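Hello,

Here is the structure I promised to send over. Have a look at it first, and my notes on what turned up follow below.

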Amino acid sequence: MQQKLTIGMLSKQSAVKVETIRYYERSGLLPIPTRSASGYRYYDGEDVKRLRFIRRGRSLGFGLEEIRSLLQLADQPQQPCHEADQLVQAHLAEVDAKIRDLQAIRNVLEQLAGCQSQTAAHCRLLEALEERVCCSAR
C-alpha cells in the first residue's frame, strides 16, 4: 500500500507550491485526489512523479498545453514518440528565435554601455530610447 501524502507533503517532495498543485488539479494536469472524511486531499507517489514531470517540463519552457500532450504520451508508453519529437523540434525553434532576439538586445545594450556623459541630457541610453542623436553620431 502506498503512503498517503497531504498536499503539504506532496509540495515538499515535488518542489511544487501548494497553490500550483491546486491549479494543476483544476486544469486537469493532476488527477483529482482522494479525500478523507474530513475533506483533506491525499496523494501518492505517482502524484509526486507527475508533478516532478510537470515541473521539469516547465523548467524546459514547455507550456501547459504542451505538457498536457506530453503527459498523455507518458500515460500511454506504447504510443510512438513522434508527437513528442515534433514538440521538441518546435520548441527548439522557439528557443533559437529567443536566443537570436536576446543577442540582438545584448548587442544594442553593449553599444549603449559605457557612456561618459556627466548629465542625463547626453546619456546614450536616454538618447536611444527617445530616438534622438544629441551631440555626436555613434
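A quick definition before the notes: contact here means heavy atoms within 4.5 Å. Helices (H or I, at least four residues) and strands (E, at least two) are DSSP runs, numbered from the N terminus.

Please keep in mind that this is a predicted model, in which local features need pLDDT of at least 70, side-chain atom pairs count only at pLDDT 80 or more, and totals for chains, interfaces and linings use all residues. Residues are numbered from 1 along each chain as its sequence is written, and side-chain values use heavy atoms, with hydrogens and water left out.

**Overall picture**

The protein has six helices and two strands, and along the sequence they follow the pattern α-α-β-β-α-α-α-α. Its C-alpha trace spans about 75 × 40 × 20 Å along the principal axes. The radius of gyration (taken over C-alpha atoms) is 24 Å, whereas a compact globule of 138 residues would have one near 14 Å; that globule rule is 2.2 Å times the number of residues to the power 0.38. Of the 138 residues, 22% count as buried, meaning under 20% relative accessible area with a 1.4 Å probe, protein chains only. Among contacts between residues at least 6 apart in sequence, 38% join residues at least 24 apart.

**H3 against H4**

Helix H3 (residues 45-59) packs on helix H4 (residues 64-75) at an angle of about 135 degrees, with the axes 10 Å apart. Axes are lines fitted to C-alpha atoms, for helices over the stretch in contact, and angles run from 0 to 180 degrees between N-to-C directions. H3 and H4 are therefore oblique to each other: angles under 35 degrees count as roughly parallel, over 145 as roughly antiparallel, 65 to 115 as roughly perpendicular and the rest as oblique.

On the H3 side, the contact residues are Arg 50, Phe 53, Ile 54, Gly 57 and Arg 58, and they meet Leu 64, Ile 67, Leu 70, Leu 71, Ala 74 and Asp 75 of H4.

**H4 against H5**

H4 also pairs with helix H5 (residues 82-112); their axes come within 10 Å and cross at roughly 155 degrees. That makes H4 roughly antiparallel to H5. From H4, Glu 66, Ser 69, Leu 70 and Leu 73 make the contact, and from H5, Glu 83, Ala 84, Leu 87 and His 91.

Best wishes

Notes
Buried < 20%, exposed > 50% of the residue type's maximum accessible area, 1.4 Å probe, protein only.
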